[in-house]
Amino acid sequence: TRRLSSYKNSVRVALQTQDKLLRNPGIYDKPDGEFFEKLIKAFGRNIQDKEEKRNFISLAFERCAKEGLVDESVLETLKRCSPHLHRNLPIVSGKVSITKLPKEWWRNTKVN
């Protein structure tokens with residue numbers, strides 16, 4: 001219905017934005033951790049089907065890791081939007097530690 005159409009449109013816009021940024025690095029600034037945080041949040045809020053939501057969030061997180069942009073805000077957003085995926089990450093003292101993740105995942109963040 002109208003609300004579902006709005007959710008689908010939000011996801012479509014998020015995907016189109018991601019595609020533009022990643023395919024045109026000379027035209028647009030490179031995406032940063034905040035971009036991936038917002039993308040994960042958009043998928044978490046707007047995709048109703050649990051399996052589809054998990055798949056989209058997983059793909060966004062994988063791309064974020066590939067770009068070396070996983071930071072604390074990305075991890076917090078992942079925890080809120082996809083607790084199942086977040087639970088699969090290495091935990092130290094009850095919390096996911098950036099430095100326990102593969103260095104490639106966070107190599108382009110301020111932690112580095």
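Is Glu67 buried or exposed? Glu67 is buried, at a relative accessible area of 15% (buried is under 20%, exposed over 50% and partly exposed in between, with a 1.4 Å probe and protein chains only).

1. This is a predicted model, in which local features need pLDDT of at least 70, side-chain atom pairs count only at pLDDT 80 or more, and totals for chains, interfaces and linings use all residues. Residues are numbered from 1 along each chain as its sequence is written, and side-chain values use heavy atoms, with hydrogens and water left out.

2. Three salt bridges are present (a side-chain nitrogen of Lys or Arg within 4 Å of a carboxyl oxygen of Asp or Glu). One of them joins Arg63 to Glu67, with the closest N and O atoms 3.0 Å apart. Arg63 is partly exposed, at 25%.

3. Glu37 pairs with Lys41, the closest N and O atoms being 4.0 Å apart. Glu37 is buried at 14% relative accessibility, and Lys41 is buried at 17%.

4. Glu51 and Arg54 form a salt bridge at 3.5 Å, N to O. Glu51 is partly exposed at 45%, as is Arg54 at 29%.

5. Helix α2 (residues 33-46) packs against helix α3 (residues 50-66) at about 175°, with axes 9 Å apart (helices are DSSP runs of H or I, at least four residues, numbered from the N terminus; axes are lines fitted to C-alpha atoms over the stretch in contact, and angles run from 0 to 180 degrees between N-to-C directions). The two helices α2 and α3 are therefore roughly antiparallel, a term for angles over 145 degrees.

Terms used. Parallel < 35°, antiparallel > 145°, perpendicular 65-115°, else oblique.
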